[in-house]
Amino acid sequence: MGVTLGVVVLTMGNRPAELRALLDSVEAQEGGDNGVRTVVLGQGVELPELPGWVDAVELPENLGIPGGRNAGVERLRELGGTDVLVVLDDDGLLPRTDTFRLIREAFEQDPRLGIVSFRIADETGFTQRRHVPRLGKSDPMQSGPVTTFLGGGHAIRMSVIDQVGLFPAPFFYAHEETDFAWRALDAGWGIDYRADLVLQHPRTNPARHAAYYRMTARNRVWLAKRHLPAPLVPVYLTSWTAYTLLCRPPMDGLKAWWGGFFEGVRVPCPPRRPMRWSTVRRMARLGRPPVF
């Protein structure tokens, strides 16, 4: 059968129409019932009525984004037969019917490809700058190797998860993809951004969430403490602090950001496994050394 896919979708139960549209777009992928297992997990909520081909799991509590994804991975392992995990936002949509075929082909053609990142675009086809996982004003239509991936739509080879471990559940929200990406890169896997793999998603502002500033700051510190060689930790944190101040967040956001920053300094998030210097050099060659 070649590469087999398993889809994981997390939901808070507050977007039933969007979730059903996403599932319809999953079902519409080329080949119809092609053996793709689809798991929908309710984060501490009761799930709406779902199609019979969906494996519905109601988690007892909201585990956060990384914790919920980990539960999805474990469910796919229980069901068996999944080579590649595909994660999709519950308010996303697959506008093309060949997306799963393209994913299979990508992983079949490159045995060292560990992760594929989708292009996130709104209903007009516009991709926000923050959804292009490269530095600078990069063309969202340019595919190629990158050093991180997008949480809303991505695919991961299950053997990568087996080797480097699950998503960091204590992060709860923000930067869990970067944490996983750095571990995968350090293990020698490749990450590709694919402009032709599109997840249609409403245009949003992440700062709309009250916890955004605190968690992004805390998790940046945890990233550095967990994965960077000691000399790079202060460089990374200084660069991100400067960037945050240049963005001039609102006063309440800045207060929350500093609170999260010092929480990250004060609270441990083990284990500490610094990446190799050869991985730092590889990331630099890819255009994003782990100091920006």
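Biologist: Leaving out residues up to four places away in sequence, which residues does E108 touch?

Modeller: First, this is a predicted model, in which local features need pLDDT of at least 70, side-chain atom pairs count only at pLDDT 80 or more, and totals for chains, interfaces and linings use all residues. Residues are numbered from 1 along each chain as its sequence is written, and side-chain values use heavy atoms, without hydrogens and water. E108 is in helix α3 (residues 99-109), where helices (H or I, at least four residues) and strands (E, at least two) are DSSP runs numbered from the N terminus. Contact means heavy atoms within 4.5 Å, and with those sequence neighbours set aside E108 touches G2 and V3.

Biologist: How far apart in space are E108 and G2, C-alpha to C-alpha?

Modeller: Along the chain, E108 and G2 are 106 residues apart. In space, going from C-alpha to C-alpha, the separation of E108 and G2 is 7.5 Å.

Biologist: Does E108 count as buried, partly exposed or exposed?

Modeller: Relative accessible area decides this, using a 1.4 Å probe and protein chains only: buried is under 20%, exposed is over 50%, and partly exposed is in between. E108 has 44% relative accessibility, so E108 counts as partly exposed.

Biologist: Let's move to Q142. Which residues is Q142 in contact with, leaving aside its neighbours within four places in sequence?

Modeller: Q142 belongs to the loop between β5 (113-121) and β6 (144-145). Its relative accessible area is 46%, so Q142 is partly exposed. Setting aside neighbours within four places in sequence, the contacts of Q142 are R134, Y193 and A195.

Biologist: What distance separates the C-alpha atoms of Q142 and D196?

Modeller: D196 is in strand β8 (residues 190-200). Q142 and D196 are 54 residues apart along the chain, and their C-alpha atoms are separated by 9.3 Å.

Biologist: And which residues does D196 touch, not counting residues up to four places away in sequence?

Modeller: D196 counts as partly exposed, because its relative accessibility is 24%. Its C-alpha lies 20 Å from that of E177, a residue 19 places apart from D196 in sequence. Not counting residues up to four places away in sequence, D196 touches R96, L102 and S143.

Biologist: How much space lies in the largest cavity?

Modeller: On a 1 Å grid over the protein atoms alone, a cavity is a set of points where a 1.4 Å probe fits but cannot get out, and lining residues have an atom within 4 Å of a point. Grid points are joined across faces, edges and corners, and a volume is the space filled by probe spheres set on the points. Searching the whole structure gives 2 cavities of 30 Å³ or more. The largest cavity holds about 40 Å³.

Biologist: How many nonpolar, polar and charged residues are in the lining of the largest cavity?

Modeller: Among the lining residues are I120, F126, H131 and R203. Ala, Val, Leu, Ile, Met, Phe, Trp, Tyr, Cys and Pro count as nonpolar, Asp, Glu, Lys and Arg as charged, and the others, Gly among them, as polar. By class, the lining of the largest cavity has 4 nonpolar, 4 polar and 2 charged residues.

Biologist: Which elements give two or more residues to the lining of the second largest cavity?

Modeller: The second largest cavity has a volume of about 30 Å³. Its lining consists of A217, R220, V221, L237, W240, T241, W257 and F261. The elements giving two or more of these residues are α6 (212-227), α7 (232-246) and α8 (251-266).

Biologist: How far apart are the end C-alpha atoms of α6?

Modeller: In α6, 13 of its 16 residues are buried. The expected span of a helix is 1.5 Å times one less than its number of residues. For the 16 residues of α6 that gives 22 Å, which agrees with the distance between its end C-alpha atoms, 22 Å.

Biologist: Last one: what is the phi of F172?

Modeller: F172 sits in the loop between α4 (158-164) and α5 (176-186). With a relative accessible area of 31%, F172 is partly exposed. F172 is not a glycine, yet its phi is positive, at about 65°.

How values were computed: 1 Å grid on protein atoms, 1.4 Å probe; cavity = no way out; pocket = protein on both sides within 12 Å on 5 of 7 lines; lining within 4 Å.
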